[in-house]
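Have your viewer ready and try each task before reading on.

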Amino acid sequence: MIRDITIGQYYPADSVLHRLDPRVKLVGTLAFLISLFLFNNFIGYVVAGAFLATMIKISKVPFKFIVRGLKTIVILMLFTVTFNLFLTDGQILWQWRFIKITVEGIELAVFMALRLTFLIIGSSLMTLTTTPNQLTDGLETGLAPLKKIHMPVHEIAMMMSIALRFIPILLEETDKIMKAQQARGADFEEGKLIERAKALVPVLVPLFVSAFRRANDLAMAMEARCYRGGDGRTRMKPLKYNRQDAIAYLCLTGYLVFVVGISRLAEVFLAQWLG
């Protein structure tokens, strides 16, 4: 399960998506995630799924590697689907006491499951095709207008980049600690939920100690190299938009217009057909 988390990991490949400016990928990911909340019909999710599948194909990242990250949200997805399925009012299909299944509940549960899946895959695809250094530069450049109101843009971008970079490291450290505890007889798979939670205590303590030690080492290394934040700093590879970035923005705009337009048309057609 620990190795199945893909957010924060980078998958090296030579693809169009990897070569895009990080600002394009940040804006594109944000726009895609927002678009998932702009419609609530099957047609919209079909278009969003087709767009996401196209991006995965272009990225040259194995589909199995991306889908592997969905294992980490299975419990969250089950809770979400269960609550929406049994606690949504509407046309009742089955009922036992206060528990009921409605047509609206089934529709909402399916849409929420699809939305969560697309959210995780879309976010993972950005980190899988963008290095932490590129993410830092993209975030800092994208948030540059906030400097006018004295926002610490460079520090915010640096913290987010460090957090993303340390996710794979901490996951690997967790896996090593769990294997070491299992070699000493610890069991993390059997027993009730409370017992399994208690069994994780011997893992969390050394993990936190290791995380604080790594953070202290990183702070000392940055101070030893006279790091003083973003004032007056230059980049070895300045970010510059090129032709493929402009094409990517046009494709993103076309997707947003199409998915919103087709969703609205579908809602109007459905309302007229039912009316």
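The exercises below go from the whole chain to single residues.

This is a predicted model, in which local features need pLDDT of at least 70 and side-chain atom pairs count only at pLDDT 80 or more, while totals for chains, interfaces and linings use all residues. Residues are numbered from 1 along each chain as its sequence is written, and side-chain values use heavy atoms, with hydrogens and water left out.

**Exercise 1. The overall picture**

Task: work out how many helices and strands the protein chain has, and in what pattern they follow each other.

Solution. Start by listing the DSSP runs, numbered from the N terminus: helices are H or I runs of at least four residues, and strands are E runs of at least two. This gives 11 helices and two strands. Read along the sequence, the pattern is α-α-α-α-α-β-β-α-α-α-α-α-α. Next, take the principal axes: the C-alpha atoms fill a box of roughly 70 × 60 × 40 Å. Then turn to contacts, meaning heavy atoms within 4.5 Å. Among contacts between residues at least 6 apart in sequence, 73% join residues at least 24 apart. Finally, look at burial, where buried means under 20% relative accessible area, exposed over 50%, and partly exposed in between (1.4 Å probe, protein chains only). Of the 275 residues, 34% are buried.

**Exercise 2. The two strands**

Task: find how strands β1 and β2 run, and which residue is the bridge partner of W94.

Solution. Two strands pair if DSSP finds at least two bridges between them. Here four bridges join β1 (residues 92–96) to β2 (residues 99–102), and the strands run antiparallel. In β2, the partner of W94 is I101. Now inspect the turn: β1 and β2 form a hairpin with two residues between them, and R97 in that turn has a positive phi of about 60°.

**Exercise 3. Aromatic pairs**

Task: count the aromatic pairs, then classify the one formed by Y11 and F65.

Solution. First apply the rule: rings of Phe, Tyr and Trp (its six-membered ring) pair if their centres lie within 6.5 Å, and planes under 30 degrees apart count as stacked, over 60 as edge-to-face and the rest as tilted. The count comes to 10 aromatic pairs. Y11 and F65 lie 5.5 Å apart, centre to centre, with 50° between the planes, so the pair is tilted. This pair links distant parts of the chain, with Y11 in the segment before α1 and F65 in helix α4 (residues 63–67), 54 residues apart. Y11 is partly exposed at 25% relative accessible area, whereas F65 is buried at 19%. Compare Y241 and Y249, an edge-to-face pair at 5.8 Å centre to centre and 65° between the planes. Y241 is partly exposed at 44%, and Y249 is partly exposed at 26%.

**Exercise 4. Positive phi angles**

Task: locate K60 and H150, and decide whether each is buried or exposed.

Solution. Begin with the background: most residues other than glycine have a negative phi. K60 has a positive phi of about 65° although it is not a glycine. K60 sits in the loop between α3 (42–59) and α4, and it is exposed, with a relative accessible area of 53%. H150 has a positive phi near 65°. Its place is the loop between α7 (132–142) and α8 (153–183), and H150 counts as exposed at 73% relative accessibility.
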